[in-house]
Amino acid sequence: MSECIFCRIVRGEIPCRKIYEDEDLLAFHDINPLAPVHFMVIPKRHVASLAETDASHAPVLGKLFSLLGELARGQGLADGFRTIVNTGRVGQQEVYHLHVHVVGGPDRLGPMLTRK
Ligand code: AMP
Ligand code: ZN
């Protein structure tokens, strides 16, 4: 059995504040939110990151991205939101199970990145 924390959430071994679930995808609130609304959407089948995807992942990733607007609206993000996918060391990925962050709230978010 995978020790991956998000695989454990998928299996129900670790609780989450679930927003959405179907046979392929799970969406839940981030445990340490960085904005008034901060949730993530993951494929249930483990894939470590966007650096490991190939054509076999296209259907589930297409399904995931095409669902984001509806899920965001459901969380009150009618005026827009930001999606973030941290990948690998450079992307400062912490959990190596591919996840798409969705962040937003009533106010405009800060800059995407800050200039050095
Ligand atoms: P990153 O891999 O850098 O994109 O970020 C991983 C994200 O997972 C962080 O924002 C954490 O707050 C979040 N996280 C870690 N453990 C949990 C958990 N058990 N439930 C919900 N979110 C989590
Ligand atoms: Zn996993």
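Tutor: What follows is a short talk about the ligand site and then the fold, in a predicted model.

Student: Okay, which residues come nearest to ligand 1?

Tutor: Of the 16 residues around ligand 1, those that come nearest are D30, E94, V95, H99 and H101.

Student: And how is that shell divided by class?

Tutor: By class, the shell around ligand 1 is made up of seven nonpolar, seven polar and two charged residues.

Student: Which polar atoms lie 2.8 Å or 3.0 Å from an oxygen atom of the ligand?

Tutor: A backbone N or O atom of V95 is 2.8 Å away from an oxygen atom of ligand 1, and a polar side-chain atom of N86 is 3.0 Å from an oxygen atom of ligand 1. On the nitrogen side, a backbone N or O atom of I31 lies 3.2 Å from a nitrogen atom of ligand 1.

Student: How much of the ligand does the protein bury?

Tutor: Ligand 1 exposes 510 Å² when taken alone, and the protein buries 88% of that area. The space that ligand 1 takes is the largest pocket.

Student: Which elements give two or more residues to the shell?

Tutor: Those elements are α1 (5–10) and β2 (25–29), and α1 gives the most, with three residues.

Student: Switching to the fold, what is the order of elements in the chain?

Tutor: The protein chain has two helices and five strands, and from the N terminus on these run α-β-β-β-α-β-β.

Student: Is the chain compact or extended for its length?

Tutor: The protein chain is as compact as a globular protein of that length, because its radius of gyration is 14 Å, close to the 13 Å that the globule rule gives for 116 residues. Taken along the principal axes, the C-alpha atoms fill a box of roughly 40 × 35 × 25 Å.

Notes:
Residues numbered from 1 in each chain as written. Chains lettered and ligands numbered in written order. Predicted model: local features only at pLDDT ≥ 70, side-chain atom pairs only at ≥ 80, totals over all residues. Heavy atoms only, no water. Near = heavy atom within 4 Å. Polar contact = N/O pair within 3.5 Å; in protein donor to acceptor, adjacent residues only side chain to side chain. Areas by Shrake-Rupley, 256 points an atom, 1.4 Å probe, with all protein chains shown as cover. 1 Å grid on protein atoms, 1.4 Å probe; cavity = no way out; pocket = protein on both sides within 12 Å on 5 of 7 lines; lining within 4 Å. Sits in = over half its atoms within 2 Å of the grid points. Helix = DSSP H or I, 4+ residues; strand = E, 2+ residues; numbered from the N terminus. Nonpolar A, V, L, I, M, F, W, Y, C, P; charged D, E, K, R; others polar. Rg over C-alpha atoms; globule rule 2.2 N^0.38 Å.
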